[in-house]
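Hi there,

Here is the structure I promised to pass on.

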Amino acid sequence: MDFTRPKHAMETAALLLAFTTFVCAQTSPQDAASFPHGVVIPEVHCAAKPDQSYALYIPSKYSADHLWPVIFAFDPGARGRVPVELLRVAAEKYGFIVAGSNNSRNGPFERSIEAADAMMQDISHRFALDLRRLYTTGFSGGSRVAVMVAQICNGCVAGVFANGAGFPESRAPVEKVSFAYFAAVGDLDFNYYELVELESKLDALGVPNRLRKFSGPHQWAPPEVALEAVEWFELMAMKQGRREKDSAFIAQLAERAAQKVDSLEKSGDLYAVWQEDRKLALEFEGLADASAFARRAAELRDSPAIREGARRERVVIEEQRRAVEPIAAALDALLADSLERSRRRADLVSKITVLRDDVQRNAASEKGKALRRAQSELFAHAFEGAQEKLRTRDFSAAVLLGEIAAELAPESPSPYLLMARAHAQSGKKKETLRALEQALAKGFPRETLAAFLASNPEFAPYQALPEFQGLYKPAR
């Protein structure tokens, strides 16, 4: 679910005021010594707002005698520990504090405004920060939050590490961007083409940016990519004068980059060579000898291999769009037409079945990857729509969308858990029990079911019933 522009101008003004205070009036560090260093702390409550908390990593060598860069992280499910764990090795190696909100999540934008404000203010009061090296990161909807924080902050964030999603739709880059942008996306991520196209937009705007692709679905990047992102931010900080230059570090990165490009060249992937060289030439200009990168990029720019590589990339992007559009249209028609719902549902399921069969037939090809991304995109559309219907208490629509999501991801227990919540709030005991049984059959861990039921108050009327307890309590 995308995060869009705040609904009211006063919300933006409030966040701007908070960030201005954060940047301009940092107090003396208070109690950093009371926290363990070199370990991930799952929960730190904000002093001014105890209902807000964040996971935290403090480098083992932290001392208030020096100023330290910081990364603020936003997960779409309010799992602050996940990005902090991901960045822990990079943070220790390069001396970054990392804080991940336990409150920011997909949903109303106001919640993420409050979470970002509380976390950033609290960190600024506890630690000695290098205010020229503040960074944000996020995954999926949290990635859009990370960008929006940087945009509203208007210059106080040096860089954004985006995972699996780009800019908020209402805040697409159309003019100068004040921060460097490192994006990571899996080759099976349904937002893959969004980030590929965003790279071209940022290039045209002259924004320092990187796109790193990895093997995987819609998820946080793997640790080695997170390390690369932090190293890239360090390089950009040196290039922009945000920190002192480190000749040994620059030389090490340049050597590693040259080895990577040589490996790509030996593999015969000249399009990837050209993409890498043109970025490296810009990044190392003024820091190291970048002439080899620039020369090879210029030589390759107009070659048939580059044109063919760009064509192939456009083809797979269009493949995903062509697969998504008719099914998305059929889904919208299903929701809009209550009189013909049965017929439209059958038509939609038929289209989904064809897509799933196409995915299987083309599994080993680039087309297969594009179709899998389309399938994942449609699942996200249906599942997030179901979540929204649940939030607005339209339970029949939530169940309908949950059923469609289950058709799109037959092995996932998530749609059944959502349908169980909808049925429970509708007072439908048998349907609730059946949906929970289906979730277990799809692999939801039986040992965590009790905690799931306890964390959602709509299940309270049912938890004492023997048939529900029988789902997670072994028979005696």
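Which residues have the most contacts inside the largest nonpolar core? Before I answer, a word on the ground rules: this is a predicted model, where local features need pLDDT of at least 70 and side-chain atom pairs count only at pLDDT 80 or more, while totals for chains, interfaces and linings use all residues. Residues are numbered from 1 along each chain as its sequence is written, and side-chain values use heavy atoms, with hydrogens and water left out.

The answer is Phe-161, Leu-235 and Phe-284, in a core of 52 residues. A nonpolar core here is a set of buried Ala, Val, Leu, Ile, Met, Phe, Trp, Tyr and Cys residues joined through side-chain atoms within 4.5 Å. Buried means under 20% relative accessible area, exposed over 50%, and partly exposed in between, using a 1.4 Å probe and protein chains only. Helix H6 gives this core its largest share, 10 residues. Helices (H or I, at least four residues) and strands (E, at least two) are DSSP runs, numbered from the N terminus. Apart from this core lies another, of 51 residues, including Ile-352 and Ala-435.

Phe-161 is worth a click. Leaving aside residues up to four places away in sequence, its contacts include Leu-87, Phe-182, Val-225 and Phe-233, contact meaning heavy atoms within 4.5 Å. Phe-161 is also the bridge partner, in strand S6, of Thr-137. Strands S5 (residues 129–139) and S6 (residues 159–163) run parallel and are joined by 5 bridges; two strands pair if DSSP finds at least two bridges between them.

Now to the sheet as a whole. It is open and mixed, with 8 strands in the order S1-S2-S4-S3-S5-S6-S7-S8. S1 (40–45) and S8 are at the edges with a single partner strand each, so one side of each has no neighbour in the sheet. On average, neighbouring strands are turned by 20 degrees against each other, direction ignored. Helix H6 (residues 223–239) lies across S3, S5, S6, S7 and S8, and runs at about 165 degrees to S7. For these angles, axes are lines fitted to C-alpha atoms, for helices over the stretch in contact, and values run from 0 to 180 degrees between N-to-C directions.

How many salt bridges are there? The count is 38, taking a salt bridge as a side-chain nitrogen of Lys or Arg within 4 Å of a carboxyl oxygen of Asp or Glu. One of them joins Glu-283 and Arg-210, with the closest N and O atoms 2.8 Å apart. Because Glu-283 sits in helix H8 (residues 270–284) and Arg-210 in strand S8 (residues 209–214), this pair ties together parts 73 residues apart in sequence. Glu-283 is buried at 6% relative accessible area, and Arg-210 is buried at 6% too.

Arg-356 and Glu-407 also form a salt bridge, at 3.6 Å from N to O. Arg-356 belongs to helix H11 (residues 341–361) and Glu-407 to helix H13 (residues 395–408), so the pair links parts 51 residues apart in sequence. Arg-356 is partly exposed at 28%, as is Glu-407 at 24%. Elsewhere, shared partners join Asp-130, Arg-133, Glu-234, Arg-243 and Glu-244 into one network of salt bridges.

Best wishes
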